Amino acid sequence: MAGRIPQAFIDDLIARADVVEVVGRRVPLKKAGREFKACCPFHDEKTPSFTVSPTKGFYHCFGCGAHGTAITFLMEYDHMSFVDAVETLAAMLGVEVPRDESDRPARRYDELFDLNARVARGWQQQLSGHDDAVDYLKKRGIDGATAKRFGLGFAPDGWSAVLDRYGKDAEAIERLLSVGLIIRKDNGRHYDRFRDRLMFPIRDARGRTIGFGGRTLGDGEPKYLNSPETVLFHKGRELYGLHEARQALRNIERLVVVEGYMDVVALARHGIDFAVGTLGTATTPEHLNRLFRLTDNVDFCFDGDRAGKQAAWRALETALPLIREGRQVRFTFLPDKHDPDSYVNEFGADAFVAALDGGVKLADYLISELASDVDLDSVDGRARLAERARPLIGKVPEGVYRELLMDSLAAAVGLSADKLKQLLKPGRDNDAARDKQRPLAKIRRIGSHGGPSVIRRAVTLLLNHPEAGRELDASVLAELERPGAALLRKLIETVQSEPNISTAGLLERWRHDDEGRYLGKLAAANIPAEEAEFDAAAELSQCLGQLKLVARKDRIDFLIQKQRDSSLSDDELAELRGLR
Ligand SMILES: [Zn+2]
């Protein structure tokens, strides 16, 4: 099996690859100053907001937020895996991809995907032999072809079917544990997580099985059981059925978010191939970003009960920061006692689509909820409305959509737009809501003495001007215990050991880390406009100067605290006197 691709090779590849050529072969680019522009290939638009920067080796769309390196572009545009994208890029440049056989992690991931695939196949083969399971599917109207398309299977009763078959040695058992297929008991023994359940493999966008959902056939509890969070499976990111939808549809015109896997499968059975399911979690911004990459029309379909209404309101709050002109979000509430599965089985596909088409638009839903039980004839009532609306409207990005939303709200509540705007004058809530949407906002908000925002600024500067960090004295960071300080230190170390690294090169270094996603957003932060006289190196050392003061203050606070606790040593006392 192939080993991991050495980082040095990726550094080199990114340094040599021309992002303009890679993108330009697939999307017609127009030169605009130092950058290139195009209509974004990842969302529908008429005026170009997709920018490619050759010096940074980076592309970014101001419309939908898509961004990344040449490798990312191949992955997203051609739906390639990381390894395939690296190989394609290498082939363009006429070089061979070396394999570092000694490096194990990537191989381990392959093994884990492979293990999930084998277990899924095994369960699939067992399905037809279990009458209960087959009957259950028949009763729900699921035919063989649909079951096959979604890879449905059956995990038989018993404590060790998976363990016995796939856990032959200690290493195999570790793998089963790490994908959550077995559970370790206190006494060190193991047993199968999924027993006597109808099994739904959960696939990532590329069709690899990353986890499972299991449903009991009888009255067993819990009714639904998912794989735990694992290295492969992150509930807040994945949408059940997205891979299948992409396989089934050439153009995705709309997507509907439903709650359960059975809903997705039942809808697909009725020819509605555009349903996806959240996996037992509320809709996250990541979910929505993924949906909006594929289509501008997202419907949410909820049960009509109280829980459904609550889930809808939370989805609305999550959607607000991502809403803009051209994007349409609607909410459909099914009649009492119905879920999409039962509804489509009883009334058919056309009725379901009609229900979606009749869904409430996000703006209307927002306004009707805000205006409910508020007496707009009274001053108090209007104040209350403004209080409710302010944090929500504050989440909507400034722009045409926000203006229209304000106008509709004003009309609905019988105020003039100006009067409403006055009522909604930004308060503290507004800022807090907006901060939440910003990458690394957490870092910025934690400390109140300027340290974190300075760190964030330094990270942004370094990413966009890696060369500016070459001569930087970063010693202060070693003792700074603030969020983001460690990341900043690693970035500086990297640009100093790799003096020719570009923005794209840095992003590739962090591709497989959580921080990578934030870095991508920061790298997009100040493309394109930058003044010629801008001195990034000077700015950076100024940032570090400020951080030095922060570190000093932190140290003083720490020593004073120790002094209060009477645990200050003589050396520390001397140090404290020196610092003051
Ligand atoms: Zn875009």
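Visitor: In what order do the five strands of the open sheet stand, and how do they pair?

Guide: This is a predicted model. The order in that sheet is S1-S2-S3-S4-S5. The pairing is antiparallel.

Visitor: Which strands stand at the edges of that sheet?

Guide: They are strand S1 (30–32) and strand S5 (67–68). Each has a single partner strand, so one side of each is left without a neighbour in the sheet. Take S5. Two bridges join S5 to strand S4 (residues 58–61). Across that pairing, Tyr59 stands opposite Gly68 in S5.

Visitor: Now the other sheet. What is the order of its six strands?

Guide: Read it as S12-S14-S13-S15-S16-S17. The sheet is open, and its pairing is mixed. Strand S12 (239–240) and strand S17 (360–361) are the edge strands, each pairing on one side only.

Visitor: How do S12 and S14 pair?

Guide: In the antiparallel sense, over two bridges. There, Leu239 has Thr278 of S14 as its bridge partner.

Visitor: Which strands of the sheet does H11 touch?

Guide: H11 packs on the sheet and touches S12, S13 and S14. Its direction makes about 175 degrees with that of S14. Helix H13 (residues 306–319) packs on the sheet too, touching S15 and strand S16 (328–333). The direction of H13 makes about 155 degrees with that of S15.

Visitor: How many bridges join S13 to strand S15?

Guide: Three, and S13 and S15 (residues 297–302) run parallel. Val257 has Phe300 in S15 as its bridge partner. Three bridges also join S13 to strand S14 (residues 275–278), again in parallel. In S14, Ala275 is the bridge partner of Val256. From S13 the chain crosses through helix H11 (residues 261–269) to S14, and this β-α-β crossover is right-handed.

Visitor: What should helix H26 span?

Guide: Count 1.5 Å a residue. H26 (residues 536–564) has 29 residues, so it should span 42 Å. Its end C-alpha atoms are 42 Å apart, which agrees.

Visitor: Which residues of H26 are buried?

Guide: Again, the general idea comes before the case. An α-helix has 3.6 residues a turn, so residues three or four places apart point the same way. In H26 the buried residues include Leu540, Cys543, Leu544 and Leu547. Val550 and Ala551 are buried as well. After H26 comes Ser566, with a positive phi near 55 degrees.

Visitor: What do the buried residues of H14 pack against?

Guide: They pack against S13, H11, S15 and helix H15 (349–357). The buried residues of H14 (residues 340–347) are Pro340, Asp341, Tyr343 and Val344. Gly348 follows H14, and its phi is positive, near 90 degrees.

Visitor: Where does Lys337 lie?

Guide: In the loop between S16 and H14. Lys337 is exposed, because 10 other C-beta atoms lie within 10 Å.

Visitor: And what of the phi of His79?

Guide: It is positive, about 50 degrees, although His79 is not a glycine. His79 sits in the loop between helix H3 (70–77) and helix H4 (82–93). It counts as partly exposed, with 13 C-beta neighbours inside 10 Å.

Visitor: Is the peptide bond from Glu221 to Pro222 cis or trans?

Guide: It is cis, with omega near -10 degrees. Pro222 lies in the loop between strand S10 (209–216) and strand S11 (224–226).

Visitor: Last, the whole protein. How many helices and strands has it?

Guide: It has 27 helices and 17 strands. Its radius of gyration is 27 Å, close to the 25 Å that the globule rule gives for 580 residues, so the protein is as compact as a globular protein of that length. Of the 580 residues, 38% count as buried.

Key
Residues numbered from 1 in each chain as written. Predicted model: local features only at pLDDT ≥ 70, side-chain atom pairs only at ≥ 80, totals over all residues. Pairing = 2+ DSSP bridges. Helix = DSSP H or I, 4+ residues; strand = E, 2+ residues; numbered from the N terminus. Right-handed = clockwise from strand over helix to strand, strands pointing away. Expected span 1.5 Å × (residues − 1). Buried ≥ 20, exposed ≤ 12 C-beta atoms within 10 Å, placed from the backbone. Contact = placed C-beta atoms within 7 Å. Axes fitted to C-alpha atoms, helices over the stretch in contact; angles between N-to-C directions. Rg over C-alpha atoms; globule rule 2.2 N^0.38 Å.
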